[in-house]
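Please review the following single-chain model before using it in further work.

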Amino acid sequence: MHDLELTEEQVMIRDMARDFARNQIAPHAQAWEKAGWIDDALVAKLGELGLLGMVVPEQWGGNYIDYVAYALAVEEISAADAATGTLMSVHSSVGCGPVLNYGTDEQKHTWLEKLATGRAIGCFCLTEPHAGSEAHNLRTRAELQGDEWVINGAKQFVSNGKRAQLAIVFAVTDPQLGKKGLSAFLVPTENPGFVVDRSEHKMGIRASDTCAVTLNNCRIPAANLLGERGKGLSIALSNLEGGRIGIGAGHRPRRV
């Protein structure tokens, strides 16, 4: 085992995130926690600084350096406010990640630059009231009708659910295939069939919105299928693995 020696660029990212967190986040964290909402202007600043596009390559509008730099930035933001660190981590890993790793070029052109710059925030709609973390037991259904997918179901504990402009939604397309019948979809949250039901009352990290969502005859173009039909479970699990980097980086004592 050896000590990690940071590169000059990694140190620069860490110090920038630390200064920003100390001056722009920490003074307001308690107020946001009481309000249950991170200030929209602060989220916009995260995007302007490139902190919401750290896993996205430059060719798609991001500023990816490496995952060490990303983890350092999440660590510093979370040290000032766990809720803001959660927003950043969820958005990056399971908001940007699925589009980057499984999206078509057209899907990437449509969404990645917006996500990387904070003009759109992403959320991940996997967990359900009756399925929990058992992704292969989901009840949400997606039916192909002509050139549209029609999605019906309920999702729970959706981080960034109230704030997001893009939802990565997992639904069963082929029930007879079991685990191989789950697919992933890109759902704009402005769609009238995408309804945020309520925000969960939590013991902590309240400023990070966590919501229940209903999909009621939610119609999206057939082209919004993310990855291959039937590959939803592998897409979900692979991106949850990446999300553990941000969760791990965010678990450190709050710096005063």
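How much accessible surface does the chain have, and what percentage of it belongs to carbon and sulfur atoms? The accessible surface comes to about 12,400 Å², and 51% of it belongs to carbon and sulfur atoms; areas are from the Shrake-Rupley method with a 1.4 Å probe, and for residues only the protein chains shown count as cover. This is a predicted model, in which local features need pLDDT of at least 70 and side-chain atom pairs count only at pLDDT 80 or more, while totals for chains, interfaces and linings use all residues. Residues are numbered from 1 along each chain as its sequence is written, and side-chain values use heavy atoms, with hydrogens and water left out.

**Overall fold**

- The chain holds 7 helices and 8 strands, taken as DSSP runs (helices H or I, at least four residues; strands E, at least two) and numbered from the N terminus.
- The chain is as compact as a globular protein of 256 residues, because its radius of gyration of 18 Å is close to the 18 Å given by the globule rule (C-alpha atoms; 2.2 Å times the number of residues to the power 0.38).
- Along the principal axes, the C-alpha atoms fill a box of roughly 55 × 35 × 35 Å.
- Of the 256 residues, 50% count as buried, meaning under 20% relative accessible area, with exposed over 50% and partly exposed in between (1.4 Å probe, protein chains only).
- Among contacts (heavy atoms within 4.5 Å) with a separation of 6 or more, 71% are between residues 24 or more positions apart.

**Helix α5**

- Helix α5 covers residues 82–102, and its 21 residues should span 30 Å at 1.5 Å a residue, which agrees with the 29 Å between its end C-alpha atoms; the expected span is 1.5 Å times one less than the number of residues.
- A bend of about 40° occurs in α5 at C96, and the proline P98 follows within four residues; the bend is the angle between axes fitted to the seven residues ending at a position and the seven starting there.
- Most of α5 is covered, with 17 of its 21 residues buried.

- Strand β5 (residues 182–188) is largely enclosed by the rest of the structure, because 7 of its 7 residues are buried.
- On one side of β5 lie L182, A184, L186 and P188, on the other S183, F185 and V187, and all are buried.
- Strand β4 (residues 166–172) runs antiparallel to β5, joined by 7 bridges; strands count as paired if DSSP finds at least two bridges between them.
- Within this pairing, F170 stands opposite A184.
- Strand β8 (residues 225–226) is also antiparallel to β5, with 2 bridges, and L225 stands opposite F185.
- Strand β1 pairs with β4 in the parallel sense over 4 bridges, with C123 and A167 as bridge partners.
- In β1 (residues 122–125), G122 and F124 point one way, C123 and C125 point the other way, and all are buried.

**Hairpin β2–β3**

- Strands β2 (residues 141–145) and β3 (residues 148–159) pair in the antiparallel sense over 5 bridges, and Q145 stands opposite E148.
- The two strands form a hairpin with 2 residues between them, and G146 in the turn has a positive phi of about 65°.

**Loop position S208**

- S208 lies in the loop between β6 (194–199) and β7 (210–221).
- S208 counts as buried because its relative accessibility is 2%.
- Leaving out residues up to four places away in sequence, S208 touches A83, T86 and K202.
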